[in-house]
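Subject: Structure for your review

Dear colleague,

Please find below the structure that I promised to hand over. My notes on what was found in it follow directly after.

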Amino acid sequence: MAGHRQQRPWIGKTVAAAAVALPAFDPACYLCPGNARVGGAVNPRYQTTFVFDNDHPCVGADAPREIAVPPPPYRAEPAAGVARVVCFSPRHDLTLAEMPPAAIAEVVDLWRVQTRELGARPEVRQVLCFENKGDVVGVSNPHPHGQIYATSFTWKTFDTERGAFERHQRETGRGLMADIIRAEQGDGRRVLHEDEHAIAFVPYFARYAYEVYVVPKRRVAHVFELNDAEVSSLAAALSAVTVRFDNLWRMSFPYVQVLHQAPTDGGAHDAFHFFIGFNPPLRQPHLLKYLAGPEIGGGNFVSDTSPEAKAAELRALAAVHYKHT
Ligand SMILES: [Zn+2]
């Protein structure tokens, strides 16, 4: 933590806020209902959510099964899987922040169905669900959507988390996330939202200024293990967090949202506690957190802000979206 650096002089790049009002339907959008996509497929006139196989998949059926063996010390394995796109809403102009919690629950339900279905495939070892939101994280189409990569390999972040969950369980007999939730409740300053089944907080160890965890209180390893009441609570928490994000600077707030789930490799994964992490790249309205020497070179994050101060900013905001007041 280096919170004293927030006010240091800055003459670098700033990010202009796009205040352009979007239409509810865009005839040129490949994600809007009834429109044609690049491959020629036509989207159905969907009413809630819609999922389809990515027309430009990162992992897909066409990947090479045989790859040339490289000289040592290099190793290579084929990567297989499925890449899908998830439209969160038929409305081109609605992000999660502006969707009612009941509509967000439809998105969580779709994550449940997709993780269960894709995770059951014998070749799939992990299902990665995520949302890249905003120009600054490289998303050109504002239509609210996320992606799913179901892969024959596991992802490093979740491997690290799995190791930490298992080590804590072994050493203390307790769940790591249960202990984190207790610590956040005990301090209270970083908690943004809480109800019977879910809690949202800026973690004590936040790397990004406005990093937020949204966590179901009952430990499950995968989103599909949540019951309907827990899905409703999780959706309410996602709404509470994304509304405050938008209210912070009265703009559509960019972030990378990731579902942290255990592998679907048939293992027990009894220690893994599913949660959703938000990684927003902005630390001031038009100022990006750059990953540079310490992060890319040294491999450790230097946070320019204090998590308590940033949580206080979010906690002070209205729970109603600024466009709805
Ligand atoms: Zn659209």
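Helices (H or I, at least four residues) and strands (E, at least two) are DSSP runs, numbered from the N terminus.

Before going further, please note that this is a predicted model, in which local features need pLDDT of at least 70 and side-chain atom pairs count only at pLDDT 80 or more, whereas totals for chains, interfaces and linings use all residues. Residues are numbered from 1 along each chain as its sequence is written, and side-chain values use heavy atoms, with hydrogens and water left out.

Strands are said to pair if DSSP finds at least two bridges between them. Strand β5 (residues 191-194) is joined to β6 by 3 bridges, and the two run antiparallel. They form a hairpin with 3 residues between them, and His193 stands opposite Ala200 in β6. Strand β6 also pairs with β7, in the antiparallel sense, over 4 bridges; here the bridge partner of Ala200 in β7 is Val214.

Strand β6 (residues 198-201) is covered on both faces: Ala198 and Ala200 on one side, and Ile199 and Phe201 on the other, are all buried. In a regular strand the side chains alternate between the two faces of the sheet.

Strand β7 (residues 212-216) pairs with β9 as well, antiparallel and over 3 bridges, with Tyr213 opposite Gly277 in β9. Strand β8 (residues 255-260) runs antiparallel to β9 and is joined to it by 5 bridges; Val256 stands opposite Asn279 in β9.

Because 5 of the 5 residues of strand β9 (residues 275-279) are buried, this strand is largely enclosed by the rest of the structure. Phe275, Gly277 and Asn279 point one way from β9, and Ile276 and Phe278 point the other way.

Individual residues

Val220, in the loop between β7 and α4 (228-249), is buried, with a relative accessible area of 0%. Its C-alpha atom is separated by 14 Å from that of Ile199, 21 residues apart along the chain. Ala178, in helix α3 (residues 176-187), is partly exposed, with a relative accessible area of 30%.

Some backbone features may also be of use to you. The peptide bond from Pro72 to Pro73 is cis, with omega near 15°, and Pro73 lies in the loop between β1 and β2. Arg250 has a positive phi of about 50° although it is not a glycine. Arg250 is placed in the loop between α4 and β8 and counts as exposed, at 55% relative accessibility. His269 likewise has a positive phi of about 50° without being a glycine; His269 is in the loop between β8 and β9 and is buried, with a relative accessible area of 8%.

The cavity

A cavity is a set of points, on a 1 Å grid over the protein atoms alone, where a 1.4 Å probe fits but cannot get out, and lining residues have an atom within 4 Å of a point. The count comes to 1 cavity of 30 Å³ or more. The largest cavity holds about 30 Å³ of space, and its lining residues are Arg207, Tyr208, Ala209, Arg283, Lys289, Ser303, Asp304 and Thr305.

With kind regards

How values were computed. 1 Å grid on protein atoms, 1.4 Å probe; cavity = no way out; pocket = protein on both sides within 12 Å on 5 of 7 lines; lining within 4 Å. Points joined across faces, edges and corners; volume = space filled by probe spheres on them. Buried < 20%, exposed > 50% of the residue type's maximum accessible area, 1.4 Å probe, protein only.
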